[in-house]
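The following note sets out some points on this structure for a reader new to the subject. Please keep the sequence and the model in view while reading.

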Amino acid sequence: MAEKPQSSVAAEVAAETGFLAAVQRMSATRWNYFVGQTSDFLVSFVLLGAAVAVDREHPLRALVAMLVGLFVFSFIEYAFHRWLFHGPVALFERGHTLHHQRPLGYDSLPFFFSPIVILLLAALLATAMPLGAALYLAGAIALGYALYGYAHFIVHRYRFHNAAWRAWVRIHNIHHAHPDKNFGVTTPLWDFVLGTWYVSKSKVRAR
Ligand SMILES: [Zn+2]
Ligand SMILES: [Zn+2]
């Protein structure tokens, strides 16, 4: 996808009026970022805490539900990034375009978006399986999302000294230079599976 010049996207968002534009401007603020990241962890802890309260009888089922949840999240991370954040819906795409243009900014989703989606998901899952399993599954997906948010934060901000971590940073920086490659942040699994893995021969410098 061709990147729009930073000034045009930022100017569009700044000039628009109405509720959605106000939400988009809020989504670029530092407080929205930190409230969102904190509430993402809180929602995952609340769901997993509720899961333990509801079902302590089936530890194996709980473990399997959590592993499935983390695995499912790894695909959600890839799919959202590839087809939503780099997709045609302006509400999702513009904030992410701004993130590509200013990786050290705070552009993210509105803080209330992911808690609402996760809680709706938990309610939906509870209609299809035992409540405990639904809470473990939704809690693990929520935990995966919160960890992804934290990982994406530090991949841009932390100066790693260890070679493996620096390689991880380089892989994400390649995505910023080539937005059709390396969509996975926490795992390259789906980039391998779906053919979007790319490591440049001329190394992109780690920040
Ligand atoms: Zn990034
Ligand atoms: Zn991206």
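1. The largest nonpolar core of this predicted model holds 26 residues. Leu47, Tyr136, Leu137, Ala138, Ile141 and Ala142 have the most contacts inside this core.

2. Which elements give two or more residues to this core? They are α3 (30-54), α4 (59-85), α6 (113-126) and α7 (131-157). Of the elements in the chain, α7 gives the most, with 14 residues.

3. In soluble globular proteins, nonpolar side chains tend to be buried together.

4. Apart from its neighbours within four places in sequence, Ile141 is in contact with Gly69, Val72, Phe73, Ile76, Ile118 and Leu121.

5. How many helices and how many strands does the protein chain have? The secondary structure comes to 9 helices and 0 strands. The pattern along the sequence is accordingly written α-α-α-α-α-α-α-α-α.

6. Along the principal axes, the C-alpha atoms fill a box of roughly 55 × 45 × 30 Å.

7. Of the 207 residues in the protein chain, 29% are buried. As for contacts between residues at least 6 apart in sequence, 71% join residues at least 24 apart.

Methods. Residues numbered from 1 in each chain as written. Chains lettered and ligands numbered in written order. Predicted model: local features only at pLDDT ≥ 70, side-chain atom pairs only at ≥ 80, totals over all residues. Helix = DSSP H or I, 4+ residues; strand = E, 2+ residues; numbered from the N terminus. Buried ≥ 20, exposed ≤ 12 C-beta atoms within 10 Å, placed from the backbone. Contact = placed C-beta atoms within 7 Å. Core = buried A, V, L, I, M, F, W, Y, C linked by C-beta atoms within 7 Å.
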